[in-house]
Amino acid sequence: MSTSAAVQLPSPAARAGALAPGHLIRALRDEHAVLEDLVETLERQRRAVSRDDIEAVNDSVFAAHRLLGAYREARSRRRSVVIVACGGGDGRLEDLENAWGDLLSEAERAASADLRASAKRLVAAGDQNRRLLQAAMS
C-alpha cells in the first residue's frame, strides 16, 4: 500500500474517533446521488432538444443549475470527510485509497466506485449534450 507525502496513514482508532459510523459512506453516496440526478437531467435535456421542446430545454437548464449548486455542496462535504478520515490530504478519493487501502470496507469501496462511475457518466453525458446542442445550433 503506497501513501502520498500529503496523506498520512491514520490508525483505525484515529479514524473511528474522527468520524461517526457511516459518515464516509453517506458523504460518498450523497455526492453520487447528485451526480446521477445531473446525468438524468442532461438526458432529459437531450430528449427535449430532439423534440424541439424549448420549455423543457429551459427547465432542464434551470434544474442543472440547481443541481450544480447541490453538487458543489456534496463535493465539499465529501472532501472534508475524506480529509478527516485521512488525517490530511486534499480530500480526493485517491487520498482515501492511499491512506486506507485494504482497511476500507466493502461498502466504502462500493460507494467510492459508484461515485467514480457516476462522474464518468456525467462527463460522457455532458460531452454528448455539447455535441447535440452545437449541431442543433448550426
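Colleague: Quick one to start: is Gly91 buried or exposed?
Modeller: Gly91 counts as buried because its relative accessible area is 0%. Buried means under 20% relative accessible area, exposed means over 50%, and partly exposed is in between (1.4 Å probe, protein chains only). Keep in mind that this is a predicted model, where local features need pLDDT of at least 70 and side-chain atom pairs count only at pLDDT 80 or more, while totals for chains, interfaces and linings use all residues. Residues are numbered from 1 along each chain as its sequence is written, and side-chain values use heavy atoms, with hydrogens and water left out.

Colleague: Thanks! Where is Gly91 found, and what does it touch?
Modeller: Gly91 is in the loop between α3 and α4, the latter being residues 93-100. Leaving aside residues up to four places away in sequence, Gly91 touches Arg78, Arg79, Val82 and Ile83; contact means heavy atoms within 4.5 Å. Arg78 is 13 residues from Gly91 in sequence, and their C-alpha atoms are 7.3 Å apart in space.

Colleague: Let's zoom out. How many helices and strands does the chain have?
Modeller: The protein chain has five helices and zero strands, so helices (H or I, at least four residues) and strands (E, at least two) are DSSP runs here, numbered from the N terminus. Of the chain's 138 residues, 35% are buried. Among contacts with a separation of 6 or more, 68% are between residues 24 or more positions apart.

Colleague: How far does α5 reach?
Modeller: Helix α5 covers residues 106-137, which is 32 residues, and it reaches 46 Å from its first C-alpha to its last, close to the 46 Å expected at 1.5 Å a residue. The expected span is 1.5 Å times one less than the number of residues. For α2, with 28 residues, the end C-alpha atoms are 41 Å apart, which agrees with the 40 Å it should span.

Colleague: And which residues of α5 are buried?
Modeller: In α5 the buried ones are Glu108, Ala111, Ser112, Leu115, Ser118, Ala125 and Asn129. Asn129 also turns up among the contacts of Gln45, which lies in helix α2.

Colleague: Gln45, then: buried or exposed?
Modeller: Gln45 is buried, because its relative accessible area is 9%. Besides Asn129, Gln45 touches Val57, Ser60, Val61 and Leu133, not counting residues up to four places away in sequence.

Colleague: What about Asp52, where is that?
Modeller: Asp52 is in the loop between α2 and α3. With 66% relative accessibility, Asp52 counts as exposed. Just after α2, Asp52 takes a positive phi of about 55°. Asp52 and Ala136 are 84 residues apart in sequence, with their C-alpha atoms 9.3 Å apart in space.

Colleague: Changing topic: how much space lies in the largest pocket, and which residues line it?
Modeller: The largest pocket holds about 180 Å³ of space. Its lining is Glu31, Leu35, Tyr71, Arg75, Arg78, Arg79, Arg92, Leu93, Leu115, Arg116 and Ala119. Two or more lining residues come from each of α2 (23-50), α3 (54-86) and α5, and α3 gives the largest share, four residues.

Colleague: What classes of residue are in that lining?
Modeller: The lining has six charged residues, five nonpolar and no polar ones. Arg78 and Arg79, which are part of this lining, are also touched by Gly91, the residue you started with.

Key:
On a 1 Å grid over the protein atoms alone, a cavity is a set of points where a 1.4 Å probe fits but cannot get out, and a pocket is an open set with protein on both sides within 12 Å along at least five of seven lines; lining residues have an atom within 4 Å of a point. Grid points are joined across faces, edges and corners, and a volume is the space filled by probe spheres set on the points. Ala, Val, Leu, Ile, Met, Phe, Trp, Tyr, Cys and Pro count as nonpolar, Asp, Glu, Lys and Arg as charged, and the others, Gly among them, as polar.
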